[in-house]
Amino acid sequence: MASCIKEVHIRCRMESYTLGQGILIPVKNLFTLKTYQKLLKRKLKQMPSFGNRSLEALETVDIRISKVLHEAIKHYDFSVLEGHRDEETQNKYVETGASKLKFPYSKHNKYPSLAVDIVPYPVDWENLHRFKELSKVIKDACEVVGVDTLSWGYDLWKWDMPHWELER
Ligand SMILES: [Zn+2]
């Protein structure tokens with residue numbers, strides 16, 4: 001172990017190292033601090049994170065929704081399309097058939113919003129499988145952060161895959 005002199009060697013097993021929000025570095029063998037830092041950097045790069053547009057939309061939603069989505073993004077990549085929706089936008093959606101509720105009856109019309117629309121990233125509107133995958137991740141995240149009143153549009157009405165809303 002002559003090469004130990006300059007570098008700190010750490011013996012660690014899988015799951016020994018976690019960083020902040022549960023990032024695991026799967027390392028089984030003896031390795032150097034330098035290698036550990038390299039692995040950590042690579043792992044952080046791989047983790048999905050919200051883009052600016054998603055973050056902006058998140059600022060308009062109820063804190064409970066925000067908590068759930070920040071937990072979920074650690075496990076699955078998706079975009080936040082819309083939180084709060086104003087009167088003009090809501091009524092435009094009714095005209096185009098994108099929504100069935102006139103202002104102010106959609107939960108998107110509350111401020112902060114009690115509803116949010118999200119899509120798997122990159123989005124493929126035809127791929128129901130990925131929407132279903134995402135819904136499982138969201139439901140797990142609800143359990144982790146202790147929110148039990150968030151429902152999926154598809155469970156509620158058998159359409160509206162991007163939509164999630166709080167009971168109240
Ligand atoms: Zn919606």
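Colleague: Let's start with α1. How many residues has it, and how far does it reach from its first C-alpha to its last?

Modeller: Keep in mind that this is a predicted model. Helix α1 covers residues 33-46, which is 14 residues. It reaches 20 Å, close to the 20 Å expected at 1.5 Å a residue.

Colleague: How many of those residues are buried?

Modeller: The count is 0, and α1 is hardly covered.

Colleague: OK, now α5. What is its reach, first C-alpha to last?

Modeller: α5 has 18 residues and reaches 26 Å. That is close to the 26 Å expected at 1.5 Å a residue.

Colleague: Which of its residues are buried?

Modeller: F131, L134, I138, A141 and C142 in α5 are buried. They cover an arc of only 105° around the axis, so they sit on the same side of α5.

Colleague: And what does the face turned away from that side carry?

Modeller: Exposed residues: H129, K136 and E143.

Colleague: What covers the buried residues of α5?

Modeller: The cover includes α3, β5, β6, β7 and β8.

Colleague: How many bridges join β6 to β8?

Modeller: 3 bridges, with the two strands running antiparallel. A115 has E165 in β8 as its bridge partner. D117 stands opposite H163 in β8.

Colleague: And β7 with β8, how many bridges there?

Modeller: Also 3, again in the antiparallel sense. There, S151 stands opposite E165 in β8.

Colleague: Next, the largest nonpolar core. Which residues touch the most other members?

Modeller: I65, V68, L69, A72, V116, I138 and W164 do, out of 21 residues in that core.

Colleague: Which elements give two or more residues to it?

Modeller: α3, β5, β6 and α5 do. The largest share, 5 residues, comes from α5.

Colleague: Why would nonpolar side chains gather like that?

Modeller: In soluble globular proteins, nonpolar side chains tend to be buried together.

Colleague: Take L69. What is it in contact with, leaving aside neighbours within four places in sequence?

Modeller: L69 is in contact with L58 and V80.

Colleague: Last topic, K110. Where is it found?

Modeller: K110 is in the loop between α4 and β6.

Colleague: Is K110 buried, exposed or partly exposed?

Modeller: Partly exposed, because 19 other C-beta atoms lie within 10 Å. Counting as buried takes 20 or more.

Colleague: How far apart are K110 and T60 in sequence and in space?

Modeller: They are 50 residues apart in sequence. In space they are 9.5 Å apart, C-alpha to C-alpha.

Note on methods. Residues are numbered from 1 along each chain as its sequence is written. This is a predicted model: local features need pLDDT of at least 70, side-chain atom pairs count only at pLDDT 80 or more; totals for chains, interfaces and linings use all residues. A nonpolar core is a set of buried Ala, Val, Leu, Ile, Met, Phe, Trp, Tyr and Cys residues joined through C-beta atoms within 7 Å. A residue is buried if 20 or more other C-beta atoms lie within 10 Å of its own, exposed if 12 or fewer, and partly exposed in between; C-beta atoms are placed from the backbone. Helices (H or I, at least four residues) and strands (E, at least two) are DSSP runs, numbered from the N terminus. Two residues are in contact if their C-beta atoms, placed from the backbone, lie within 7 Å. The expected span of a helix is 1.5 Å times one less than its number of residues. The arc is that of the directions from the helix axis to the C-beta atoms. Two strands pair if DSSP finds at least two bridges between them.
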